[in-house]
Amino acid sequence: MSWSANEMMIVASARWLEGERVCFVGVGLPNIAVNLAKRTVSPAMELVYESGVFGAEPARLPLSIGDPTLVTRSTAVTSMYDLFAFYLQAGLIDVGFLQGAQIDKFGNLNTTVIGDYEKPKVRLPGSGGAVEIAINARKVFVIMPQRSRSFVETIDFRTSPGHSGDPEHDAARGWLGNGPSAVVTDLGEYRFDDATGEMTLVNLHPGVTLDQVNENTGWEMRVPADVGETPPPTDEELRLIREELDPDGVYSK
Amino acid sequence: MRDAVAELVRDGDSVAIEGFTHLICFAAGHEIIRQTKRNLTLCRLTPDVIYDQMVAAGVATKLVFSWLGNPGVGSLHAIRRRIEHDDPAPLEIEEYSHFGMVSRYMAGASNLPFMPIRSYYESDLPKANPRIVPIESPYDGETVYAVPPLNPDVAIIHAQRANEGGDAQIWGLLGCQKEAAFAADRVIVVCEELVGESVIRADPKRTVIPGLIVNAVVVEPKGCHPSYAQGYYDRDNRFYLDWDEIARDPDRLSQWLKEWVFDLSGHADYVQKMGGAAWDRLLPGDAPSGEVNYGEYS
C-alpha cells in the first residue's frame, strides 16, 4: 500500500506516543496522530484540549479545538483557568504538541511574525497556549513539514523557547519541560542531542534521502553514522486514518 | 439587542465578546457594526471571524488577544491587512498568550493588581509587550511573570439559557465567559432561551453568571452562528472555510457586510435569510445529561 507524506507524519508521531498517559492535543495533524495512538499504541491515553476538555472521546474529526464533539462524552469540562493552571502548569500533562512557521536547530519555535514584530512581513497567529505548553508540558513533540524557509538558522521571533545550546543552563531552568524532545517532519524523525541540545536526525522516512534533508534545512543538520529508516505505515494504521479518523482526507492527503 | 448595544456599548469602550469557539455572540458583534460604533478596543483570546468582521467594518482601533487566526482554517485577512499594511488604517495590538489572557481576566474579576504565571521564560513576548513583567516571589525569590488585570468596559456573554433577571446557565466549553463577566464594568447576557426562575433554581450548579452583575438580558436564538451553542446548533465549519475566501478580497468582504449586516434590521432577519435547510444541517442529535438529586431539605 502506498501512503502520503502527511500519513507518514501522522503514523510516526502516533508511535512516539507509546506509553504516554496525558496528551495536550492541537488541531490538524497532531489531532489525528493522537487519536491514532489511542487506537493503537496508547489506548488509555487521556486527550486534553486547551479549550477546557479533559478525557475527550471525539466522535468525529474536529475542525477546531473548540468543536462540540470534544465535549460530548468527555470526562470533564473545565474553565480555561483550571485547564492551564491545574492541569498544565501543575504538571499533569505528559506530552504537548507544537507546530511552527519557523524552528531552529535547538527547537525554538516562531508562530508570531515573519519579519520585524512592529512591521511584520507576515503576521502569524501568535502563541495561543504554545509558550505555556513549551515550558510546562513534561515532553514536547513538534510535528511540521520540513522546508528550508521553516527550518532556519535564526528564527524571526521566539514565541516558544526550546533548548538554549547550553545544557547546564537548561538543567538550571527548573521548568517542568525542557525544550522539545522529538520532531517529526515529512522527511524524517529527529531527537535533540543530550550534550548539545541540538536537533539530530534519527530516522529517514522510507524513500527519503539525506540530500533532501540537507536541501530542506537552513543549517547543517547533525547526522549520526547510524541513521535508521522509519518503519513504513502498516496496513492497519493506514486503514484507521482513511476509514475512521480522516475519511475525507482533510489533513492526511 | 438594539437597545442593549445602544445603551451599554459606547464609542471608545473596551469590549469583550468572549467564548472559546463556543458561544461567540456574532449577533452582538453585528449589531455593534450596524450602529457604527467607533474607536473600540476589542478583547478576546481568539479574535475569530467576529472580530475580523468588526475590524473590517471600522469599529475598532485596538485589539487585545492571544491567538489571531481562523481556527482550523488559517488567517484573519482583514485584521492582517491592517497590521501588515495599515490597510485601510493602522490597528494597535496588545498581545499575550492564552494563559496570560485567562489570568488577566482572573485578576480583573478578583480585584487583584496582577496574576503570576509560569510562562514567558526565554520567550520574545515580554519584549514585544512590556506589560508582561518578570517578578520575584517574595517567599523564595523564584521568578514568575506578572500579567495585568483586564477589566473591559463591557462584556457580552452568550448563554444557552437565562431568566429575566440575568441569571445565566452555560454547558459545554466555558471559555472565559465567567471571568470576563465578573471583570467587566457592564455585562450584556444574550441567551438562546429565556426560562423561568424555577428552571435556574432547579440546577444551580449550571449557573455561571448571576443576574447581580448583569445590566441587560437579550433573547437572541441562534445568535452565535457561525459559532455554536452546545446542544442547540453545531458550529458552521463551512462558513469558517467560506470566510477565508470572502475576507481575502476587501470588496467581497464589504459586500458581505452590506448583505448580511447593514441591509438587515437585526438577527431575526439573519436567521430567516439563512433559511430552514441551513439550520437543519446544523441541528445536533440528542445526548442528554443524566440527572442528579439535590435533595429537599425543608
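Me: How many bridges join strand 13 of chain A to strand 14 of chain A?
Reply: 2, and the two strands run parallel. Strands here are DSSP runs of E, at least two residues, numbered from the N terminus, and two of them pair if DSSP finds at least two bridges between them.

Me: Where does this model come from, and what are the cut-offs and numbering?
Reply: This is a predicted model, where local features need pLDDT of at least 70, side-chain atom pairs count only at pLDDT 80 or more, and totals for chains, interfaces and linings use all residues; side-chain values use heavy atoms, without hydrogens and water. Residues are numbered from 1 along each chain as its sequence is written, with chains lettered from A and ligands numbered from 1 in the order written.

Me: OK, which residue stands opposite Leu204(A)?
Reply: Glu229(A), in strand 14 of chain A.

Me: And what order do the strands take in the open sheet of chain A?
Reply: 4-3-2-1-5-10-11-12-13-14, 10 strands with mixed pairing. Strand 4 (76–77) and strand 14 (228–229) of chain A are at the edges with a single partner strand each, so one side of each has no neighbour in the sheet.

Me: Switching topic: how much do chain B and chain A bury between them?
Reply: About 3900 Å², 60% of it on carbon and sulfur atoms. That's accessible area (1.4 Å probe) lost on putting the two parts together, summed over both. In chain B, Phe99(B), Glu122(B) and Leu173(B) lose the most area to chain A.

Me: How many salt bridges across that interface?
Reply: The rule finds 4, taking a side-chain nitrogen of Lys or Arg within 4 Å of a carboxyl oxygen of Asp or Glu. Arg173(A) and Glu122(B) meet in a salt bridge at 2.7 Å, N to O.

Conventions:
Helices (H or I, at least four residues) and strands (E, at least two) are DSSP runs, numbered from the N terminus.
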